[in-house]
Amino acid sequence: MKSAPKRLNHHSDARKQNLYVDGSTARRLEVAPQKQKGISTKKTVSTKHKQVRREKALPMNRASVLILAIASIVTVVLCVQYVQLQTEITTTLKSINAKEVELANLKEHNNETDKRINSFIDLNHIYQVATEELGMRYATKEQIAYYQSSGSEYVRQYKDIPEE
């Protein structure tokens, strides 16, 4: 009788490698090697190095503590000033927005008042009073004087207009 073939499956992992046998074969037991005194393993070596590093890092002299305290105080002061500046900026922006809203409201109110005033002006009545009561009339071509514009939007009269 033939026995079933033995299958060897290898699964590799980054941490360990498993080898298992599928079948009815008995495994051999191996005796674990005894640890010898005086030989340190990697684990104990690394813990010793860590402990040495910790012991070197622990003592801090007064100068380094003072420098660390000053740096901490400066950092806290700068953070407080930063927060104050941010608060001031936020307050200023809110004030600007309120002033812009107030300006828009005032412009709207001004435009409404201007329209209301203009609606009360009766141009026909003004013409009638000017021509009938005050004796005014339109200017003729001989009465119109032309001048060169200096670029501004209005004219100031410093002298009388010459009669030509």
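Visitor: What pattern does the chain follow when read along the sequence?

Guide: This is a predicted model. In sequence order the pattern is β-β-α-α-α, and the secondary structure amounts to three helices and two strands.

Visitor: How much of the chain counts as buried?

Guide: Of its 164 residues, 1% count as buried. The accessible surface of the chain is about 17,800 Å², and carbon and sulfur atoms account for 57% of that surface.

Visitor: Why is isoleucine 70 called partly exposed?

Guide: Its relative accessible area is 47%. Buried means under 20% and exposed means over 50%, with partly exposed in between; isoleucine 70, at 47%, is therefore partly exposed. Isoleucine 70 belongs to helix 2, residues 62–120.

Visitor: What makes the nonpolar surface patch that includes Ile70?

Guide: The patch is made by Leu66, Ile70, Val74 and Leu78, and its area is about 370 Å².

Visitor: Why is proline 162 called exposed?

Guide: The relative accessible area of proline 162 is 61%. The term exposed requires over 50%, so the name applies to proline 162. Proline 162 lies in the segment after helix 3 (123–133).

Visitor: Which residues line the largest pocket?

Guide: The lining consists of Ala145, Tyr146, Tyr147, Val155, Arg156, Gln157, Lys159, Asp160, Ile161 and Pro162. These residues divide into six nonpolar, one polar and three charged. The space in the largest pocket is about 190 Å³.

Visitor: How far apart are proline 162 and alanine 145 in sequence and in space?

Guide: Proline 162 and alanine 145 are separated by 17 residues in sequence and by 9.3 Å in space, C-alpha to C-alpha.

Note on methods. Residues are numbered from 1 along each chain as its sequence is written. This is a predicted model: local features need pLDDT of at least 70, side-chain atom pairs count only at pLDDT 80 or more; totals for chains, interfaces and linings use all residues. Side-chain values use heavy atoms; hydrogens and water are left out. Patches are made of residues with over 30% relative accessible area and no salt bridge: like charges are joined within 9 Å, nonpolar side chains (Val, Leu, Ile, Met, Phe, Trp, Tyr) within 5 Å. Accessible areas come from the Shrake-Rupley method with a 1.4 Å probe; for residues, only the protein chains shown count as cover. A salt bridge is a side-chain nitrogen of Lys or Arg within 4 Å of a carboxyl oxygen of Asp or Glu. Helices (H or I, at least four residues) and strands (E, at least two) are DSSP runs, numbered from the N terminus. Buried means under 20% relative accessible area, exposed over 50%, partly exposed in between (1.4 Å probe, protein chains only). On a 1 Å grid over the protein atoms alone, a cavity is a set of points where a 1.4 Å probe fits but cannot get out, and a pocket is an open set with protein on both sides within 12 Å along at least five of seven lines; lining residues have an atom within 4 Å of a point. Grid points are joined across faces, edges and corners, and a volume is the space filled by probe spheres set on the points. Ala, Val, Leu, Ile, Met, Phe, Trp, Tyr, Cys and Pro count as nonpolar, Asp, Glu, Lys and Arg as charged, and the others, Gly among them, as polar.
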